[in-house]
Amino acid sequence: MVPHAPEWLHEMSRDIPVGLYDAMALLRCTATVCTASGAVVVSATPDVDHLHQKRRGGVDGAGASWVTNFGVDHEDIVTEHTSLLLIPEEAMYLAFVLGPGCLEIRRDAHDGAVVASAEELLAFYRQPREDMVRLCLAYAHFLREGYVVKRGLSFGVHLLLYRGSPEDVHSDYGVWVMGLTSSFGRWHNVKVLTRLMQDVSKKLVLSSIEQEDGRPYDVATSTGGCVLREMVMDTGGWDEDADGSGGG
């Protein structure tokens, strides 16, 4: 965890899963962030090649499964090298929650300047800052719950939750994070998402981030801890997890 971090980053760093620090010691890489798109790319290196081998064949030893669940392989058809693409939440977690030393992000391939803070990294993304922070908090929460967490845009949700490697299993849940500027609050829209999740054999999780006393969590002004509350939508209704201690 980096010093002088904002309150929300402290929340992301709470209760990091056992073994994750040891796992990520296997991958100490440098990445670049594309100033046009905000994509964070870990370029092909011996360390990344080792990671790709773990993805394909698996590796014995503590933490190997953690390492192989970060990022998506991307093969450059011109250079024939395989790089690693990180979603924003993964980049934030690796660089500023597990750091220093796990992942170093530079501005671009031509500028050697290091992205020195979480706030600086947020500035590269086109989504509003508060939306990005809420997604990062949700990402860290479900990671603590033991899920592999990926973006869910292809299914119309913010995040997808897997019980194992996405290369081996299908996701069980699609997560919609309430309170984003793009969020909706009308129940007929929730019903549409619920039906969509049923069609693809998933459950819809509605999540909201609140202060521990139940008041709305404001990224700019809230201090102290926050709680992610979950409502799991099912065919016959929903199950509410009032203390945010489980995704299903």
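At roughly what angle do the axes of helix 5 and helix 7 cross, and within what distance do they come? In this predicted model, the two axes cross at roughly 70° and come within 9 Å of each other.

**Where helix 5 meets helix 7**
- Two packed helices are described by the angle between their axes and the distance between the axes.
- Helix 5 covers residues 88-97, while helix 7 runs over residues 129-144.
- With axes crossing at roughly 70°, helix 5 counts as roughly perpendicular to helix 7, because angles from 65 to 115 degrees fall in that class.
- On the helix 5 side, the contact is made by P88, E89, E90, M92 and Y93.
- Helix 7 brings M132, L135, C136, Y139, A140 and L143 to the contact.
- Sort those contact residues by type and you get 9 nonpolar, 2 charged and no polar ones.

**How covered helix 5 is**
- Helix 5 is mostly covered, with 10 of its 10 residues buried.
- Among the buried residues are E89 and E90, along with M92, F96 and V97.

**A118 and its neighbors**
- A118 has 5% relative accessibility, so it counts as buried, the cut-off being under 20%.
- Leaving aside residues up to four places away in sequence, A118 touches W8, L9, M92 and F96.
- M92 and F96 are also on the list of buried residues in helix 5.
- A118 and V97 are 21 residues apart along the chain, and their C-alpha atoms are separated by 9.3 Å.

Technical notes
Residues numbered from 1 in each chain as written. Predicted model: local features only at pLDDT ≥ 70, side-chain atom pairs only at ≥ 80, totals over all residues. Heavy atoms only, no water. Buried < 20%, exposed > 50% of the residue type's maximum accessible area, 1.4 Å probe, protein only. Contact = heavy atoms within 4.5 Å. Helix = DSSP H or I, 4+ residues; strand = E, 2+ residues; numbered from the N terminus. Axes fitted to C-alpha atoms, helices over the stretch in contact; angles between N-to-C directions. Parallel < 35°, antiparallel > 145°, perpendicular 65-115°, else oblique. Nonpolar A, V, L, I, M, F, W, Y, C, P; charged D, E, K, R; others polar.
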